[in-house]
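This report describes the fold, the nonpolar cores and a selection of individual residues of one protein model. The sequence and the structure are shown first.

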Amino acid sequence: MDFEQNTNQPGPMQPAEAVKEPARKGAGWRILLGIMLALSIMANIALFFLLIGAVTIFTTGQRDTLTEELIQKGPRGNKIAIIKVEGIIDGLQAKSMHEQLKRASQDKRVKGLIINVNSPGGTLSGSDQIYNEIRRYRNEAGKPVVAFMQGVAASGGYYTSVACDKIVAEQTTITGSIGVIFGHFVLQQLLEDKLGIQPVIITSGPKKGWLSMFKPFEEEQQQYVQDRLINPAYERFVEVVDEGRPSLTLSDVKELADGGIYSAKEALKQKLIDDVGYLDKAIEVVKSLAGIDEAQVVEYRKPFSLTSLLTVRSNNILKFDRNMLYELSTPQLLYLWTGY
(Lines give C-alpha, C1' and ligand atoms only; values in the text may rest on other atoms or scores of the structure.)
Protein backbone atom coordinates (compact mmCIF):
# COMPACT_ATOMS: atom_id res chain seq x y z
CA MET A 1 0.00 0.00 0.00
CA ASP A 2 1.51 3.26 -1.09
CA PHE A 3 1.80 6.14 1.39
CA GLU A 4 2.43 9.75 0.44
CA GLN A 5 6.00 10.70 1.37
CA ASN A 6 6.44 13.37 4.04
CA THR A 7 8.57 16.04 2.41
CA ASN A 8 9.21 17.82 5.70
CA GLN A 9 11.38 15.03 7.01
CA PRO A 10 14.98 14.78 5.90
CA GLY A 11 15.81 12.16 3.40
CA PRO A 12 18.32 9.44 4.04
CA MET A 13 21.09 11.32 2.26
CA GLN A 14 20.41 14.73 4.09
CA PRO A 15 21.64 15.58 7.60
CA ALA A 16 18.96 16.36 10.15
CA GLU A 17 18.62 20.12 10.85
CA ALA A 18 16.57 21.98 13.43
CA VAL A 19 13.62 23.73 11.94
CA LYS A 20 14.16 27.53 12.38
CA GLU A 21 11.36 30.03 12.78
CA PRO A 22 11.68 33.16 10.67
CA ALA A 23 13.06 36.22 12.57
CA ARG A 24 10.41 38.56 13.91
CA LYS A 25 10.60 41.80 12.04
CA GLY A 26 10.04 45.24 13.69
CA ALA A 27 10.72 44.14 17.28
CA GLY A 28 13.28 46.98 17.83
CA TRP A 29 10.87 49.64 16.64
CA ARG A 30 8.14 48.30 18.92
CA ILE A 31 10.50 48.53 21.93
CA LEU A 32 11.51 52.10 21.02
CA LEU A 33 7.88 53.14 20.59
CA GLY A 34 7.06 51.59 23.95
CA ILE A 35 9.81 53.57 25.68
CA MET A 36 8.68 56.79 24.01
CA LEU A 37 5.09 56.14 25.04
CA ALA A 38 6.13 55.53 28.64
CA LEU A 39 8.19 58.75 28.72
CA SER A 40 5.28 60.67 27.20
CA ILE A 41 2.90 59.39 29.86
CA MET A 42 5.35 60.32 32.63
CA ALA A 43 5.86 63.81 31.16
CA ASN A 44 2.12 64.39 30.95
CA ILE A 45 1.65 63.29 34.55
CA ALA A 46 4.38 65.70 35.69
CA LEU A 47 2.86 68.51 33.61
CA PHE A 48 -0.55 67.79 35.13
CA PHE A 49 0.74 68.17 38.70
CA LEU A 50 2.71 71.29 37.71
CA LEU A 51 -0.44 72.90 36.30
CA ILE A 52 -2.40 71.95 39.39
CA GLY A 53 0.23 73.67 41.57
CA ALA A 54 0.33 76.74 39.33
CA VAL A 55 -3.47 77.08 39.34
CA THR A 56 -3.48 76.73 43.14
CA ILE A 57 -0.90 79.49 43.53
CA PHE A 58 -2.66 81.72 41.01
CA THR A 59 -6.17 81.28 42.45
CA THR A 60 -5.15 81.57 46.11
CA GLY A 61 -3.13 84.75 45.41
CA GLN A 62 0.00 83.45 47.14
CA ARG A 63 2.74 86.07 47.08
CA ASP A 64 6.39 85.55 46.39
CA THR A 65 8.50 85.11 49.49
CA LEU A 66 12.13 86.11 49.72
CA THR A 67 14.77 83.42 49.66
CA GLU A 68 18.37 83.61 50.85
CA GLU A 69 21.32 82.74 48.63
CA LEU A 70 24.48 81.89 50.51
CA ILE A 71 27.34 84.20 49.49
CA GLN A 72 29.86 83.39 52.19
CA LYS A 73 29.88 80.63 54.78
CA GLY A 74 29.94 81.47 58.46
CA PRO A 75 28.06 81.00 61.74
CA ARG A 76 24.31 81.22 61.15
CA GLY A 77 23.86 83.12 64.38
CA ASN A 78 25.79 86.05 62.89
CA LYS A 79 24.27 86.92 59.54
CA ILE A 80 24.96 89.80 57.12
CA ALA A 81 22.26 90.35 54.50
CA ILE A 82 22.88 91.94 51.08
CA ILE A 83 20.08 94.01 49.54
CA LYS A 84 20.46 95.22 45.95
CA VAL A 85 19.49 98.54 44.38
CA GLU A 86 19.90 98.03 40.63
CA GLY A 87 18.93 99.94 37.51
CA ILE A 88 16.58 102.91 37.38
CA ILE A 89 15.17 103.75 40.80
CA ASP A 90 11.38 104.01 40.94
CA GLY A 91 8.45 103.12 43.16
CA LEU A 92 8.89 99.38 42.55
CA GLN A 93 12.49 99.56 43.77
CA ALA A 94 11.31 101.37 46.89
CA LYS A 95 8.64 98.72 47.51
CA SER A 96 11.20 95.94 47.11
CA MET A 97 13.53 97.72 49.54
CA HIS A 98 10.73 97.96 52.10
CA GLU A 99 10.00 94.21 51.83
CA GLN A 100 13.65 93.22 52.19
CA LEU A 101 14.31 95.55 55.12
CA LYS A 102 11.21 94.18 56.82
CA ARG A 103 12.56 90.65 56.35
CA ALA A 104 15.93 91.70 57.82
CA SER A 105 14.31 93.40 60.82
CA GLN A 106 12.34 90.23 61.62
CA ASP A 107 15.47 88.04 61.54
CA LYS A 108 17.24 88.42 64.88
CA ARG A 109 20.30 86.66 63.48
CA VAL A 110 20.97 89.56 61.08
CA LYS A 111 23.76 91.66 62.59
CA GLY A 112 24.14 94.12 59.74
CA LEU A 113 23.27 94.95 56.14
CA ILE A 114 25.07 95.72 52.88
CA ILE A 115 23.14 97.86 50.39
CA ASN A 116 24.64 96.88 47.03
CA VAL A 117 24.07 99.92 44.78
CA ASN A 118 24.48 99.81 41.00
CA SER A 119 22.19 102.55 39.73
CA PRO A 120 22.38 105.89 37.89
CA GLY A 121 19.41 107.11 39.95
CA GLY A 122 15.80 107.69 38.97
CA THR A 123 12.72 109.37 40.34
CA LEU A 124 12.80 111.82 43.23
CA SER A 125 10.14 109.96 45.21
CA GLY A 126 11.70 106.52 44.68
CA SER A 127 15.15 107.71 45.75
CA ASP A 128 13.80 109.51 48.80
CA GLN A 129 11.65 106.53 49.84
CA ILE A 130 14.64 104.18 49.75
CA TYR A 131 16.71 106.71 51.68
CA ASN A 132 13.96 106.97 54.30
CA GLU A 133 13.55 103.16 54.56
CA ILE A 134 17.28 102.69 55.24
CA ARG A 135 17.36 105.48 57.83
CA ARG A 136 14.30 104.01 59.56
CA TYR A 137 15.91 100.56 59.71
CA ARG A 138 19.08 102.02 61.23
CA ASN A 139 17.10 103.92 63.87
CA GLU A 140 14.72 101.09 64.78
CA ALA A 141 17.01 98.04 64.48
CA GLY A 142 20.15 99.76 65.68
CA LYS A 143 22.28 97.65 63.36
CA PRO A 144 24.99 98.86 60.95
CA VAL A 145 24.25 99.40 57.27
CA VAL A 146 27.06 99.78 54.73
CA ALA A 147 26.62 100.89 51.11
CA PHE A 148 28.68 98.95 48.58
CA MET A 149 28.89 100.72 45.21
CA GLN A 150 29.44 98.82 41.98
CA GLY A 151 29.62 100.16 38.43
CA VAL A 152 27.49 103.30 38.73
CA ALA A 153 26.13 104.77 41.95
CA ALA A 154 25.35 108.28 40.80
CA SER A 155 22.66 110.88 41.51
CA GLY A 156 19.74 108.91 43.04
CA GLY A 157 22.15 105.99 43.51
CA TYR A 158 24.36 108.21 45.65
CA TYR A 159 21.29 109.72 47.34
CA THR A 160 20.30 106.28 48.67
CA SER A 161 23.90 105.44 49.65
CA VAL A 162 24.31 108.38 52.04
CA ALA A 163 21.54 106.88 54.20
CA CYS A 164 24.07 104.22 55.29
CA ASP A 165 26.66 104.34 58.08
CA LYS A 166 29.59 103.89 55.70
CA ILE A 167 30.17 103.80 51.93
CA VAL A 168 32.59 101.46 50.15
CA ALA A 169 33.08 101.73 46.38
CA GLU A 170 34.84 99.54 43.85
CA GLN A 171 37.86 100.95 42.04
CA THR A 172 35.94 101.55 38.81
CA THR A 173 32.76 102.98 40.33
CA ILE A 174 31.29 106.21 38.97
CA THR A 175 29.51 108.21 41.65
CA GLY A 176 28.50 111.76 42.56
CA SER A 177 26.24 113.60 40.09
CA ILE A 178 24.60 115.42 43.00
CA GLY A 179 21.83 117.41 41.39
CA VAL A 180 18.52 117.42 39.54
CA ILE A 181 17.66 117.10 35.87
CA PHE A 182 14.45 118.20 34.17
CA GLY A 183 13.17 116.92 30.82
CA HIS A 184 10.30 118.25 28.72
CA PHE A 185 9.07 117.74 25.13
CA VAL A 186 7.56 120.57 23.08
CA LEU A 187 5.66 119.31 20.02
CA GLN A 188 3.95 122.52 18.94
CA GLN A 189 5.85 123.07 15.68
CA LEU A 190 5.60 119.39 14.74
CA LEU A 191 1.84 119.35 15.20
CA GLU A 192 1.05 122.74 13.65
CA ASP A 193 3.66 123.12 10.89
CA LYS A 194 4.10 119.49 9.81
CA LEU A 195 0.76 117.87 10.58
CA GLY A 196 -1.58 120.83 10.54
CA ILE A 197 -2.92 120.06 14.01
CA GLN A 198 -3.63 122.92 16.38
CA PRO A 199 -4.35 121.90 20.01
CA VAL A 200 -6.98 123.86 21.93
CA ILE A 201 -6.24 124.34 25.65
CA ILE A 202 -8.48 126.32 28.01
CA THR A 203 -7.31 126.94 31.59
CA SER A 204 -8.56 128.70 34.71
CA GLY A 205 -5.35 130.70 35.07
CA PRO A 206 -2.25 131.60 33.05
CA LYS A 207 0.04 129.15 34.91
CA LYS A 208 -2.34 126.20 34.81
CA GLY A 209 -1.32 125.28 31.27
CA TRP A 210 2.39 125.87 31.73
CA LEU A 211 4.82 123.11 30.83
CA SER A 212 2.44 121.85 28.20
CA MET A 213 3.94 119.94 25.30
CA PHE A 214 1.58 121.87 23.01
CA LYS A 215 2.91 125.34 23.89
CA PRO A 216 6.38 126.95 23.59
CA PHE A 217 8.61 126.77 26.65
CA GLU A 218 9.28 130.44 27.30
CA GLU A 219 11.87 132.10 29.54
CA GLU A 220 9.30 132.95 32.22
CA GLN A 221 8.32 129.29 32.42
CA GLN A 222 11.95 128.22 32.68
CA GLN A 223 12.41 130.45 35.73
CA TYR A 224 9.15 129.07 37.13
CA VAL A 225 10.46 125.51 36.83
CA GLN A 226 13.78 126.54 38.37
CA ASP A 227 12.12 128.14 41.38
CA ARG A 228 9.25 125.73 41.98
CA LEU A 229 10.76 122.36 41.01
CA ILE A 230 14.51 122.22 40.50
CA ASN A 231 15.68 124.34 43.45
CA PRO A 232 13.59 122.56 46.13
CA ALA A 233 14.65 119.14 44.82
CA TYR A 234 18.28 120.27 44.72
CA GLU A 235 18.13 121.62 48.27
CA ARG A 236 16.68 118.30 49.45
CA PHE A 237 19.58 116.44 47.81
CA VAL A 238 22.12 118.73 49.47
CA GLU A 239 20.34 118.27 52.80
CA VAL A 240 20.51 114.45 52.77
CA VAL A 241 24.19 114.48 51.75
CA ASP A 242 24.96 116.95 54.52
CA GLU A 243 23.17 114.71 57.04
CA GLY A 244 24.72 111.50 55.74
CA ARG A 245 28.32 112.72 55.42
CA PRO A 246 29.31 114.25 58.76
CA SER A 247 32.88 114.69 57.52
CA LEU A 248 31.61 117.33 55.08
CA THR A 249 30.32 120.79 55.93
CA LEU A 250 27.28 122.25 54.19
CA SER A 251 29.51 124.54 52.14
CA ASP A 252 31.62 121.51 51.13
CA VAL A 253 28.53 119.67 49.92
CA LYS A 254 27.28 122.64 47.90
CA GLU A 255 30.69 123.00 46.26
CA LEU A 256 30.62 119.32 45.26
CA ALA A 257 26.97 119.39 44.22
CA ASP A 258 27.48 120.80 40.74
CA GLY A 259 26.12 117.69 39.00
CA GLY A 260 29.59 116.40 38.20
CA ILE A 261 30.63 112.77 38.50
CA TYR A 262 33.61 111.38 40.40
CA SER A 263 35.77 108.28 40.19
CA ALA A 264 36.06 106.18 43.34
CA LYS A 265 39.54 107.56 44.02
CA GLU A 266 38.40 111.18 43.65
CA ALA A 267 35.23 110.53 45.68
CA LEU A 268 37.38 109.19 48.51
CA LYS A 269 39.58 112.25 48.34
CA GLN A 270 36.51 114.52 48.48
CA LYS A 271 35.10 112.49 51.43
CA LEU A 272 32.01 111.46 49.48
CA ILE A 273 32.82 107.82 50.35
CA ASP A 274 34.74 106.11 53.16
CA ASP A 275 36.80 103.42 51.44
CA VAL A 276 37.70 101.85 48.10
CA GLY A 277 37.49 98.07 47.83
CA TYR A 278 35.38 95.10 46.90
CA LEU A 279 32.66 93.07 48.57
CA ASP A 280 35.05 91.52 51.08
CA LYS A 281 35.99 95.03 52.23
CA ALA A 282 32.32 95.94 52.72
CA ILE A 283 31.80 92.73 54.71
CA GLU A 284 34.75 93.54 56.95
CA VAL A 285 33.40 97.04 57.59
CA VAL A 286 29.99 95.65 58.61
CA LYS A 287 31.58 93.08 60.93
CA SER A 288 33.73 95.77 62.52
CA LEU A 289 30.71 98.05 63.11
CA ALA A 290 28.66 95.13 64.44
CA GLY A 291 31.46 93.95 66.74
CA ILE A 292 31.64 90.40 65.35
CA ASP A 293 34.56 88.39 63.99
CA GLU A 294 32.78 85.96 61.66
CA ALA A 295 29.47 86.02 59.81
CA GLN A 296 27.40 84.17 57.28
CA VAL A 297 26.68 86.41 54.28
CA VAL A 298 23.42 85.95 52.37
CA GLU A 299 21.63 87.81 49.60
CA TYR A 300 17.86 88.26 49.51
CA ARG A 301 16.22 87.19 46.26
CA LYS A 302 12.73 86.56 44.96
CA PRO A 303 12.12 83.01 43.69
CA PHE A 304 10.69 82.30 40.25
CA SER A 305 6.92 82.02 40.12
CA LEU A 306 4.30 81.75 37.41
CA THR A 307 2.51 84.77 38.80
CA SER A 308 5.58 87.02 38.55
CA LEU A 309 6.33 85.74 35.05
CA LEU A 310 2.84 86.55 33.84
CA THR A 311 3.00 89.95 35.52
CA VAL A 312 6.30 90.81 33.83
CA ARG A 313 5.04 89.64 30.44
CA SER A 314 1.82 91.63 30.77
CA ASN A 315 3.73 94.75 31.85
CA ASN A 316 6.00 94.49 28.81
CA ILE A 317 3.09 94.57 26.39
CA LEU A 318 2.90 98.04 24.85
CA LYS A 319 -0.42 99.64 25.73
CA PHE A 320 -0.94 103.10 24.36
CA ASP A 321 -3.63 104.37 26.71
CA ARG A 322 -4.39 107.51 28.69
CA ASN A 323 -1.78 106.72 31.34
CA MET A 324 0.99 106.27 28.79
CA LEU A 325 0.01 109.50 27.06
CA TYR A 326 0.18 111.29 30.39
CA GLU A 327 3.64 109.87 31.16
CA LEU A 328 4.97 110.88 27.74
CA SER A 329 3.58 114.41 27.95
CA THR A 330 4.44 115.13 31.61
CA PRO A 331 7.78 116.83 32.39
CA GLN A 332 10.22 114.55 34.23
CA LEU A 333 12.12 115.80 37.27
CA LEU A 334 14.77 113.23 38.20
CA TYR A 335 17.77 112.44 40.37
CA LEU A 336 19.43 110.78 37.39
CA TRP A 337 22.82 110.71 35.72
CA THR A 338 22.00 110.66 32.02
CA GLY A 339 25.43 109.43 30.96
CA TYR A 340 24.46 105.91 32.04
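## Surface and overall composition

The accessible surface of the protein amounts to about 22000 Å², and carbon and sulfur atoms hold 55% of that area. Accessible areas come from the Shrake-Rupley method with a 1.4 Å probe, and for residues only the protein chains shown count as cover. The model is predicted: local features need pLDDT of at least 70, side-chain atom pairs count only at pLDDT 80 or more, and totals for chains, interfaces and linings use all residues. Residues are numbered from 1 along each chain as its sequence is written, and side-chain values use heavy atoms, with hydrogens and water left out.

The secondary structure consists of 11 helices and 11 strands; these are DSSP runs numbered from the N terminus, with helices being H or I of at least four residues and strands being E of at least two. Of the 340 residues, 32% count as buried. Here buried means under 20% relative accessible area, exposed means over 50%, and partly exposed lies in between (1.4 Å probe, protein chains only). Among contacts (heavy atoms within 4.5 Å) with a separation of 6 or more, 76% are between residues 24 or more positions apart.

## Packing of helices α2 and α3

Helix α2 (residues 91–106) and helix α3 (residues 124–141) have axes that come within 9 Å and cross at roughly 10°. Axes are lines fitted to C-alpha atoms, for helices over the stretch in contact, and angles run from 0 to 180 degrees between N-to-C directions. The two helices α2 and α3 are therefore roughly parallel to each other. Angles under 35 degrees count as roughly parallel, over 145 as roughly antiparallel, 65 to 115 as roughly perpendicular, and the rest as oblique.

On the α2 side the contact is made by Gln93, Ala94, Met97, His98, Leu101, Ala104 and Ser105, and on the α3 side by Gly126, Gln129, Ile130, Glu133, Ile134 and Tyr137. These residues divide into 7 nonpolar, 5 polar and 1 charged. In this classification Ala, Val, Leu, Ile, Met, Phe, Trp, Tyr, Cys and Pro count as nonpolar, Asp, Glu, Lys and Arg as charged, and the others, Gly among them, as polar. Gln93 of helix α2 is buried, with a relative accessible area of 15%. Leaving aside neighbours within four places in sequence, Gln93 is in contact with Lys84, Val85, Glu86, Gly87, Ile88 and Ile130.

## Nonpolar cores

In soluble globular proteins, nonpolar side chains tend to be buried together. A nonpolar core is a set of buried Ala, Val, Leu, Ile, Met, Phe, Trp, Tyr and Cys residues joined through side-chain atoms within 4.5 Å. The largest such core has 52 residues, and Leu113, Ile115, Ile134 and Tyr158 have the most contacts inside it. Helix α6 (residues 219–244) supplies the largest share of this core, 7 residues. Beyond neighbours within four places in sequence, the contacts of Ile115 include Ile83, Val85, Met97, Ile134 and Cys164. A second, separate core of 13 residues includes Ile80, Val146, Phe148 and Val297.

Val286, in helix α9 (residues 279–290), is buried at a relative accessible area of 0%. Apart from neighbours within four places in sequence, Val286 is in contact with Ile80, Gly112, Leu113, Ile114, Pro144 and Val146. Val286 and Lys111 are 175 residues apart in sequence, with C-alpha atoms 8.4 Å apart.

## Loop residues

Ile273 lies in the loop between α8 (264–269) and β9 (275–276) and counts as buried at 3% relative accessibility. Leaving aside neighbours within four places in sequence, Ile273 is in contact with Met149, Ile167, Ala169, Arg245, Ala264, Ala267 and Leu268. Lys271 is also found in the loop between α8 and β9; Lys271 is partly exposed at 44% relative accessibility and has a positive phi of about 65° although it is not a glycine.

Ser155, in the loop between β4 (145–154) and α4 (156–161), has a positive phi of about 50° and is likewise not a glycine. Ser155 is buried, with a relative accessible area of 1%. Thr173, in the loop between β5 (166–169) and β6 (174–176), is buried with a relative accessible area of 1%. Lys302 is placed in the loop between β10 (296–301) and α10 (306–315).
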